[in-house]
Amino acid sequence: MDAAVQLAIEGRAHLLLGDGRIQTLFRGLLEATLVPAVSPPVTGAVALAGGPDTTALYLLDPGAEIGTTAGRVVRLSPGGAARQLLPPGPLAGEPNDPAAHVLARAHDLVVDEATGVVYLITDDELWRGVLPAAEAVKL
C-alpha cells in the first residue's frame with residue numbers, strides 16, 4: 001500500500017494518497033481504490049475531509065491549474081465520483097486579492113456541511129469559505 005497523505009473516517013477509512021487516489025478500507029481490508037474523474041487530473045492532493053456527519057468526501061488539490069486560477073476542492077460522492085468542483089475565483093474586480101489564491105496555498109481543510117462552511121488552513125492563515133460557491137473570507 002502506498003503512503004497515505006491523510007485519513008478520513010465515516011464508517012470506512014478513506015486514505016488519501018499524494019496522487020489523488022483514495023483507498024477505502026473496511027475492517028482493515030482494502031475495499032476499493034477511487035480515482036477522482038476530474039480534469040485536469042489530481043496530481044498533488046494534500047488533504048481529505050469527510051466523516052459520519054457528511055454526505056461527501058472533500059479533496060484539496062492546491063496544484064490544480066484551471067484557467068488563470070490555481071487550486072480546487074473536489075466534492076466526491078461516497079463511491080468516489082466527482083460531484084462538484086469548487087475552484088477559487090477572484091473577487092469582483094480584484095484579481096490580486098488573496099482570496100483568489102487561498103486554495104493554491106492551503107494545506108488542510110475542514111468541512112461543516114450542516115452550516116455550509118469549509119475552513120481552509122494555510123501556513124499562516126485560517127480562511128472560511130461557503131459551500132458550494134467556495135467564497136473565501138479571511139477570519
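Asp61 and Arg72 are both buried in this predicted model. The two residues also form a salt bridge, with their closest N and O atoms 3.0 Å apart. This pair ties together distant parts of the chain, since Asp61 lies in strand E6 and Arg72 in strand E7 (residues 69-76), 11 residues apart. As a general point, side chains of opposite charge can pair when their charged atoms come close.

The salt bridge count for the chain comes to 4, and two further examples are worth a look. In one of them, the side chains of Glu31 and Arg12 meet at 2.5 Å, N to O. Here too the pair links distant parts of the chain: Glu31 belongs to strand E4 (residues 29-34), while Arg12 sits in the loop between strand E1 (4-9) and strand E2 (13-17), 19 residues apart. Glu31 has a relative accessible area of 42% and is therefore partly exposed; Arg12, with 32%, is partly exposed as well. In the other example, Arg21 and Asp19 meet through their side chains at 2.8 Å, N to O.

Turning to the overall fold, the secondary structure consists of 1 helix and 12 strands. Along the sequence these elements follow the pattern β-β-β-β-β-β-β-β-α-β-β-β-β. Of the contacts in the chain with a separation of 6 or more, 34% are between residues 24 or more positions apart. Buried residues make up 42% of the 139 residues. The accessible surface of the chain comes to about 7,200 Å², and carbon and sulfur atoms contribute 56% of that area.

The nonpolar interior comes next. In soluble globular proteins, nonpolar side chains tend to be buried together. The largest nonpolar core holds 16 residues, and those with the most contacts inside it are Tyr58, Leu60, Val73, Leu109, Val111 and Leu120. Two or more residues of this core come from each of strand E5 (47-49), strand E6 (57-66), helix H1 (102-105), strand E9 (108-112) and strand E10 (117-121). A second, separate core of 12 residues includes Ala8, Val42, Leu57 and Leu59.

With neighbours within four places in sequence left aside, Leu109 is in contact with Ala47, Leu48, Ala49, Tyr58, Leu60, Val73, Val118, Tyr119 and Leu120.

Note on methods
Residues are numbered from 1 along each chain as its sequence is written. This is a predicted model: local features need pLDDT of at least 70, side-chain atom pairs count only at pLDDT 80 or more; totals for chains, interfaces and linings use all residues. Side-chain values use heavy atoms; hydrogens and water are left out. A nonpolar core is a set of buried Ala, Val, Leu, Ile, Met, Phe, Trp, Tyr and Cys residues joined through side-chain atoms within 4.5 Å. Buried means under 20% relative accessible area, exposed over 50%, partly exposed in between (1.4 Å probe, protein chains only). Helices (H or I, at least four residues) and strands (E, at least two) are DSSP runs, numbered from the N terminus. Contact means heavy atoms within 4.5 Å. Accessible areas come from the Shrake-Rupley method with a 1.4 Å probe; for residues, only the protein chains shown count as cover.
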